[in-house]
Number of protein chains: 2
Amino acid sequence: MKRILVLGAGLSASSMIKYLLDHAEDNDWKVIVADQSKALAKNKIAGHNRGEALFFDVFDRELRTRLISSVDVVISMLPARFHYLVAQQCIESGKHMITASYISDDIRNLNNAALEKDVLLLNEMGVDPGIDHMSAMQVIDRIRNSGGKITAFESSTGGLVAPEHDNNPWNYKFTWNPRNVVVAGQGVSKFLHNGQLKYIPYHKLFSRTETVDILDYGKFEIYPNRDSLKYKNIYCLDDVKTLFRGTIRRPGYSKAWNIFVQLGMTDDSYFIDCEGLTYREFTNSFLEYRKNIPLEQKLADYIHEDLESEIMQKLTWTGIFERKLIGLKRATPAQILQHLVESKWKLGKEERDMIIMQHKFEYTYDDMEKEIKSTMVVKGDDPVHTAMSITVGIPVAIAAKLLLQGRIKVRGAQLPVVKDIYEPIMKELAGYGIRFVEEESMVGEVVN
Amino acid sequence: MKRILVLGAGLSASSMIKYLLDHAEDNDWKVIVADQSKALAKNKIAGHNRGEALFFDVFDRELRTRLISSVDVVISMLPARFHYLVAQQCIESGKHMITASYISDDIRNLNNAALEKDVLLLNEMGVDPGIDHMSAMQVIDRIRNSGGKITAFESSTGGLVAPEHDNNPWNYKFTWNPRNVVVAGQGVSKFLHNGQLKYIPYHKLFSRTETVDILDYGKFEIYPNRDSLKYKNIYCLDDVKTLFRGTIRRPGYSKAWNIFVQLGMTDDSYFIDCEGLTYREFTNSFLEYRKNIPLEQKLADYIHEDLESEIMQKLTWTGIFERKLIGLKRATPAQILQHLVESKWKLGKEERDMIIMQHKFEYTYDDMEKEIKSTMVVKGDDPVHTAMSITVGIPVAIAAKLLLQGRIKVRGAQLPVVKDIYEPIMKELAGYGIRFVEEESMVGEVVN
């Protein structure tokens with residue numbers, strides 16, 4: 001019997017654990033789920049005879065060693081900063097590790113040690129990063145193998161609310177870590193456009209969007225997503241002239257969110273004393289003092305919009321003008337804003353999320369310029385098995401299965417950009433509704 | 001004979017060392033100037049029989065101990081991060097220390113140790129911080145003692161070029177550390193306006209200026225200078241409704257500098273590989289790709305200005321459009337921009353700088369609302385004894401004299417906000433042309 005250890009039983013682990021339990025009997029697996037909350041782990045196991053729930057504390061060295069030594073593969077769904085601790089133990093004990101997180105330099109540096117111990121440290125095995133790599137490399141390798149030369153690669157992803165539950169003026173709800181959404185894009189965003197390096201400072205990010213149609217889901221907008229340049233090496237796109245990663249939202253989101261950015265309400269670098277402070281006062285602290293002018297009018301003037309404009313309606317809807325106590329003691333502007341929008345952008349119990357991913361490849365082939373768009377749309381099943389949980393968890397689970405079945409043979413610190421990994425996984429993902437639709441055309445004109 | 005140790009013989013120490021040597025004979029002093037470059041120290045002594053030049057390395061503990069133990073007072077003109085090392089030794093050896101830098105928490109925490117050893121650690125003894133504290137407290141104490149209640153305090157300072165050498169489109173030249181000017185205002189600026197806390201994010205700072213007339217020097221503009229709120233405690237301004245610190249520039253400077261900020265060219269958080277890169281390409285990396293549109297036109301369009309506008313002339317004058325190699329290997333945008341403007345905003349050999357400081361106090365007295373403006377304008381004597389060197393160095397030197405003469409009796413970690421310190425110093429500063437002109441009026445109307 002093979003033993004799988006899942007560290008962390010949070011929301012993101014739900015679909016993954018279900019997959020493992022569903023396949024446990026056929027493969028003769030034991031699935032051990034270990035969490036800080038044994039109750040949560042037990043809840044995920046749901047009484048399955050192949051499952052076992054345990055308490056886990058990542059800082060307990062003895063427990064860490066004992067648990068990891070007793071299994072065949074470790075899936076770490078812990079916060080990313082703990083993966084290195086787990087990876088070190090995995091190498092010491094000669095066990096494989098899979099995570100859905102970005103590879104860190106520390107883990108990259110374990111490559112040789114992992115190879116020596118015949119261990120695979122498989123990183124970025126979720127959706128973004130994860131499915132993005134696999135689905136992109138599938139097309140990239142196909143174009144290359146047929147003699148094409150890739151000149152442009154653009155790839156965007158968005159965690160959104162499903163259209164049937166899209167019922168607020170922002171056309172957005174939190175489907176994942178709200179904090180990441182509130183501070184998204186802080187720092188500088190970098191990409192390559194027709195051979196030119198481009199840098200966009202945070203305060204200009206949400207005004208540099210472009211609008212696209214995606215399949216028959218209607219219009220979306222895309223803003224740049226941090227450092228796109230690193231994908232040049234990961235995908236070996238040496239000759240590419242355009243390289244862009246983006247985040248997908250519904251049209252209008254960025255223009256309205258940009259007002260928060262412009263005002264300074266997403267700043268996470270200093271603390272405000274919030275006792276006795278209302279959201280209205282919080283908002284007012286970012287606008288000039290003007291005698292006898294209501295706050296709403298001040299803001300409308302500041303952004304050169306009418307009081308009744310769409311953007312003012314979005315802003316008003318969040319509650320930033322309300323004379324309601326914030327209810328925090330001391331918080332950064334970003335924390336205060338998150339606290340406010342968390343209650344508004346909440347996905348209801350019966351509501352479903354939706355993940356969209358779209359790649360665009362431009363390539364030359366026989367002196368022709370061609371374009372392929374490859375698009376995935378996944379909707380959640382229910383409040384537990386959300387699109388996010390499915391697309392993060394199923395690839396991880398399949399990777400574990402293939403690894404235990406001896407069908408993934410690469411070792412060392414890896415990303416799923418090699419064919420031996422992405423091909424079988426992409427094939428099986430299709431069975432779970434995670435599939436890409438391709439549209440091929442001559443550049444600038446959709447023919448299919 | 002009393003012995004004074006000056007650590008650091010850079011530009012900012014010139015006027016201070018001259019003052020000490022000029023007063024050495026009368027007071028029976030020995031002035032020991034110690035620097036990493038003994039030649040520089042020697043140059044500042046200029047053969048004076050009361051002076052002595054020594055080599056100094058702040059990291060040489062033995063040398064530090066020996067030098068500090070052998071004197072009566074230490075003036076540290078070292079970079080601010082080294083003051084703590086010096087202060088620790090001063091306390092150990094029971095010697096006084098004076099610096100022109102902002103007090104650090106570390107030094108503030110030495111207060112009790114200093115009191116025990118009967119030592120004065122006198123910080124913020126230059127111009128800003130320094131003269132600002134002394135001149136403000138002089139007026140604040142006077143208003144209070146006459147029964148007035150201060151409701152508003154605004155204070156601004158600018159290091160500028162003297163009008164007779166003000167001959168570039170920015171009406172600005174570097175007169176101090178260029179790096180501080182390039183990254184000025186990064187983070188958030190905070191102030192109080194009519195009882196309301198106001199926060200301005202960096203990317204809005206240079207569009208939140210106000211224009212003022214200063215004496216008969218013409219028009220200036222003022223932008224907020226970081227955290228104004230801390231002056232509430234320092235000056236005990238408990239009832240103040242408006243509290244604002246600003247930086248003074250000539251009109252138009254901020255609007256043009258703001259373009260660099262908006263583009264992201266003052267970002268100091270990431271590195272660009274500059275090899276083979278021209279300033280034109282650098283500038284282009286912050287603007288959208290547009291086929292066949294010249295860079296100048298793209299920028300003009302971006303900022304909604306005419307190609308021939310004043311602001312475009314300022315920007316063009318800096319050289320940001322030039323097809324000239326940057327000549328650095330790897331640098332942040334801020335470092336690249338500094339490298340460019342350093343060659344343009346250079347104060348010529350025969351040119352003089354000018355420092356302007358203006359306080360505005362609003363107060364109530366017998367139900368009347370009154371206002372006092374207190375203004376200092378100091379021009380440099382020559383390229384060595386600049387206004388900056390004079391206003392930083394002379395207060396430090398006078399403080400050392402008064403301390404050695406037993407006329408400053410406070411001990412512990414101090415700022416020059418107490419009458420025993422500021423009164424004699426302000427009196428003597430007037431003799432060096434460092435004096436404040438007062439304009440008193442009823443609020444809103446200048447009568448004097």
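**Notes on selected helices**

1. Helix H8 of chain A (residues 131-145) has 15 residues, which at 1.5 Å a residue should span 21 Å, and the distance of 21 Å between its end C-alpha atoms agrees with that expectation. The model is a predicted one, and the remarks that follow should be read with that in mind.

2. H8(A) is mostly covered, with 11 of its 15 residues buried. Those buried residues are A:Ile131, A:Asp132, A:His133, A:Met134, A:Ser135, A:Ala136, A:Met137, A:Val139, A:Ile140, A:Asp141 and A:Ile143. The helix is followed by A:Gly147, for which phi is positive and near 95 degrees.

3. Just after H17(A), A:Gly406 adopts a positive phi of about 75 degrees.

4. Turning to helix packing in chain A, helix H4 (residues 61-69) and helix H5 (residues 83-93) pack with their axes 9 Å apart and at an angle of about 50 degrees. Angles from 65 to 115 degrees count as roughly perpendicular and those under 35 degrees as roughly parallel, so H4(A) is oblique to H5(A). The crossing of these two helices, H4(A) and H5(A), is right-handed.

5. On the H4(A) side, this contact is made by A:Arg61, A:Arg64, A:Thr65, A:Ile68 and A:Ser69, and on the H5(A) side by A:Leu85, A:Val86, A:Gln89, A:Cys90, A:Glu92 and A:Ser93. Sorted by class, the contact of H4(A) with H5(A) comprises 4 nonpolar, 4 polar and 3 charged residues.

6. In chain B, the axes of helix H4 (residues 61-69) and helix H5 (residues 83-93) come within 9 Å and cross at roughly 50 degrees, which means that H4(B) is oblique to H5(B). H4(B) passes H5(B) in a right-handed crossing.

7. The residues that meet in this chain B pair are B:Arg61, B:Arg64, B:Thr65, B:Ile68 and B:Ser69 from H4(B), and B:Leu85, B:Val86, B:Gln89, B:Cys90, B:Glu92 and B:Ser93 from H5(B). The residues of the contact of H4(B) with H5(B) divide by class into 4 nonpolar, 4 polar and 3 charged.

Key. Residues numbered from 1 in each chain as written. Chains lettered and ligands numbered in written order. Predicted model: local features only at pLDDT ≥ 70, side-chain atom pairs only at ≥ 80, totals over all residues. Heavy atoms only, no water. Axes fitted to C-alpha atoms, helices over the stretch in contact; angles between N-to-C directions. Helix = DSSP H or I, 4+ residues; strand = E, 2+ residues; numbered from the N terminus. Parallel < 35°, antiparallel > 145°, perpendicular 65-115°, else oblique. Left-handed = near helix turned anticlockwise from the far one by under 90°. Contact = heavy atoms within 4.5 Å. Nonpolar A, V, L, I, M, F, W, Y, C, P; charged D, E, K, R; others polar. Expected span 1.5 Å × (residues − 1). Buried < 20%, exposed > 50% of the residue type's maximum accessible area, 1.4 Å probe, protein only.
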